[in-house]
Amino acid sequence: MTRTSDINGKLDDLRMRHRILDDQIAALEAKYTNNQLKIQRLKRKKLALKDEISRLQTSLLPDIIA
């Protein structure tokens, strides 16, 4: 496997995990539970995944000297 396909596979996995967290957060918020701590933790995990996705996407871009 090439480096690009490895990164694309990892990106797909991270995006899927991001969607799952988004669904879990939405479900908790819809239940009107007072479990704000759990929601906050899930949001932090979601943000960390988003940062990792952005970092990997940036690594796929070629270095262009302008």
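Helices, at least four residues long, and strands, at least two, are DSSP runs, numbered from the N terminus. By that count this predicted model has two helices and zero strands in its protein chain.

**Whole chain.** Show the C-alpha atoms first. Along the principal axes they fill a box of roughly 50 × 30 × 15 Å. The radius of gyration is 16 Å, whereas a compact globule of 66 residues would have one near 11 Å.

Select residues 3–30 for helix 1 and residues 36–60 for helix 2.

**The core.** Which residues make up that core? Select I7, L11, L14, L21, I25, L28, I39, L42, L49, I53 and L56, eleven residues in all. Helix 1 gives the most, with six residues.

Next, select I39, a member of the largest nonpolar core.

**Contacts along the chain.** Now return to the whole chain. Among contacts with a separation of 6 or more, 71% are between residues 24 or more positions apart.

Of the 66 residues, 17% count as buried, where buried means under 20% relative accessible area. Finally, colour the charged side chains: 14 are positive and 9 are negative. The centres of these two sets lie 7 Å apart.

Methods
Residues are numbered from 1 along each chain as its sequence is written. This is a predicted model: local features need pLDDT of at least 70, side-chain atom pairs count only at pLDDT 80 or more; totals for chains, interfaces and linings use all residues. Side-chain values use heavy atoms; hydrogens and water are left out. The radius of gyration is taken over C-alpha atoms; the globule rule is 2.2 Å times the number of residues to the power 0.38. Buried means under 20% relative accessible area, exposed over 50%, partly exposed in between (1.4 Å probe, protein chains only). Contact means heavy atoms within 4.5 Å. Lys and Arg count as positive and Asp and Glu as negative; His and the chain ends are not counted. The place of a charge is taken as NZ of Lys, CZ of Arg, CG of Asp or CD of Glu. A nonpolar core is a set of buried Ala, Val, Leu, Ile, Met, Phe, Trp, Tyr and Cys residues joined through side-chain atoms within 4.5 Å.
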